[in-house]
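The following questions and answers examine a single protein chain. Please consult the sequence and the coordinates alongside each turn.

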Amino acid sequence: MQSLRTIEDWPVPNAAAAVVRGSDGALLGAHGPQDHLFPLASVTKLLTAYAVLIAVEEGVFELDDPAGPDGSTVRHLLAHTSGLAFDEHRVMAAPGNRRLYSNAGFDVLAATLEHASGIPFAQYAAEAVFQPLGMHATLINTAHRAPAGAGGLSTAADLARFAAELQSPKLLDPATLHTATREVAFPGTNGVLPGFGHRRPNDWGLGFEIRDHKAPHWTGTANSPATFGHFGQSGTFLWVDPAADLACLALTDRDFGPWAAEVWPQLSDAVLAES
């Protein structure tokens with residue numbers, strides 16, 4: 001895909017991108033070092049959420065089991081509505097009232113899974129997600145904040161395999177993935193989309209941001225409202241657009257900033273136009 005070559009002009013030391021078709025999981029295009037290991041930052045939350053959803057299906061716990069602050073559940077933590085602060089284990093609101101994007105909430109998610117399963121979170125994620133999908137370079141290390149993003153490392157090749165799974169799930173019941181990615185959790189909840197300001201509403205699924213009609217946004221202007229995914233402060237993103245039957249991902253090693261807010265939507269629109 002010629003559109004992916006535009007990453008050569010990005011103001012970053014290294015960049016890799018890929019596009020995956022949903023109907024058959026085919027890799028439609030790839031550019032840049034596909035096996036280079038990049039820090040994922042908050043794109044790690046997609047991997048964490050997937051491991052949590054698998055744990056739900058395996059009976060480790062249920063979405064509405066208590067987790068986090070009083071009145072909060074696994075569902076609240078996945079949807080950033082537990083009331084926990086951004087980077088502190090401090091309660092800022094009652095559960096379900098505000099969309100408070102929370103790294104601390106994902107720390108609690110991982111700890112909850114560890115406690116309920118008796119398996120270290122990084123090991124559970126590797127055995128439940130990475131190994132079955134052939135994501136052999138991907139890992140979530142044991143550092144503080146790892147499940148929220150600080151410890152996630154992967155390659156474009158590995159994330160392309162995950163993107164195929166998100167479009168045609170083999171590890172999850174399709175109904176579970178539909179709930180997590182296509183149904184807004186706690187509809188009408190307002191909050192801040194990191195890097196882009198306050199959104200009313202700030203729609204989110206279970207671990208996956210749902211684009212809806214947010215503008216400006218890190219995806220393209222041509223992306224459908226059904227687009228879901230996540231971006232990371234390390235200059236990374238992964239989106240799936242069910243209406244286009246496509247997923248697109250890009251990994252860099254430059255922190256998110258105005259450069260990314262400019263070039264990411266341009267790449268996304270070019271990919272959609274070429275497809």
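This is a predicted model: local features need pLDDT of at least 70, side-chain atom pairs count only at pLDDT 80 or more; totals for chains, interfaces and linings use all residues.

**Helix and sheet geometry**

Q: How many of the residues of α1 are buried?
A: Helix α1 is mostly covered. The buried residues include Thr44, Lys45, Leu46 and Leu47, and Tyr50, Val52 and Ile54 are also among them. Of the 14 residues of α1, the number buried is 12.

Q: Is Thr48 buried or exposed, and at what relative accessibility?
A: Thr48 belongs to helix α1. A residue is buried when its relative accessible area is under 20%. Thr48 therefore counts as buried, at a relative accessibility of 0%.

Q: How far apart in space are Thr48 and Ser234, C-alpha to C-alpha?
A: Along the sequence, Thr48 and Ser234 are 186 residues apart. In space, their C-alpha atoms are separated by 17 Å.

Q: Are α1 and α4 roughly parallel or roughly perpendicular to each other?
A: Helix α1 covers residues 44–57 and helix α4 covers residues 121–133. They pack with their axes 9 Å apart, at an angle of about 80 degrees. Angles of 65 to 115 degrees count as roughly perpendicular. The two helices, α1 and α4, are therefore roughly perpendicular.

Q: How do the residues of the contact of α1 with α4 divide into nonpolar, polar and charged?
A: From α1, the contact is made by Leu47, Thr48, Tyr50, Ala51, Ile54 and Ala55. From α4, the contributors are Phe121, Tyr124, Ala125, Ala128, Val129 and Phe130. The division of these contact residues of α1 and α4 is 11 nonpolar, one polar and no charged.

Q: Which residue just after α1 takes a positive phi?
A: The phi value in question is about 85 degrees. It belongs to a residue just after α1, namely Gly59.

Q: Which strands stand at the edges of the sheet?
A: Six strands form an open sheet with antiparallel pairing, in the order β2-β1-β11-β10-β9-β8. Each edge strand has a single partner strand, so one side of it is left without a neighbour in the sheet. The edge strands are β2 (27–31) and β8 (209–210).

Q: Which residue in β11 stands opposite Val19?
A: Strand β1 pairs with β2 in the antiparallel sense over four bridges, and the bridge partner of Val19 in β2 is Gly29. Seven bridges join β1 to β11, also in the antiparallel sense. In β11, the residue opposite Val19 is Cys248.

Q: Which residue in the turn between β1 and β2 has a positive phi?
A: Strands β1 and β2 form a hairpin, with five residues between them. The positive phi in the turn is about 75 degrees, and the residue is Gly25.

Q: What angle does the direction of α6 make with that of β11?
A: Helix α6 (residues 156–167) packs on the sheet. It touches β1, β2, β9, β10 and β11. Its direction and that of β11 make an angle of about 155 degrees.

Q: At what relative accessibility does Ala16 count as buried?
A: Ala16 lies in strand β1 (residues 15–21), where six of the seven residues are buried. Beyond its neighbours within four places in sequence, Ala16 is in contact with residues including Ile7, His31, Phe38, Ala156 and Leu249. Ala16 counts as buried at a relative accessibility of 1%.

Q: At what relative accessibility does His230 count as buried?
A: His230 is placed in strand β9. Leaving aside neighbours within four places in sequence, its contacts include Ser42, Tyr101, Trp204, Trp218 and Phe237. The relative accessibility at which His230 counts as buried is 4%.

Q: What distance separates the C-alpha atoms of Gly152 and Val43?
A: Gly152 is found in strand β5 (residues 152–154) and is buried, with a relative accessible area of 2%. Gly152 and Val43 are 109 residues apart along the chain. The distance between their C-alpha atoms is 8.0 Å.

Technical notes: Residues are numbered from 1 along each chain as its sequence is written. Side-chain values use heavy atoms; hydrogens and water are left out. Axes are lines fitted to C-alpha atoms, for helices over the stretch in contact, and angles run from 0 to 180 degrees between N-to-C directions. Angles under 35 degrees count as roughly parallel, over 145 as roughly antiparallel, 65 to 115 as roughly perpendicular and the rest as oblique. Contact means heavy atoms within 4.5 Å. Ala, Val, Leu, Ile, Met, Phe, Trp, Tyr, Cys and Pro count as nonpolar, Asp, Glu, Lys and Arg as charged, and the others, Gly among them, as polar. Buried means under 20% relative accessible area, exposed over 50%, partly exposed in between (1.4 Å probe, protein chains only). Two strands pair if DSSP finds at least two bridges between them.
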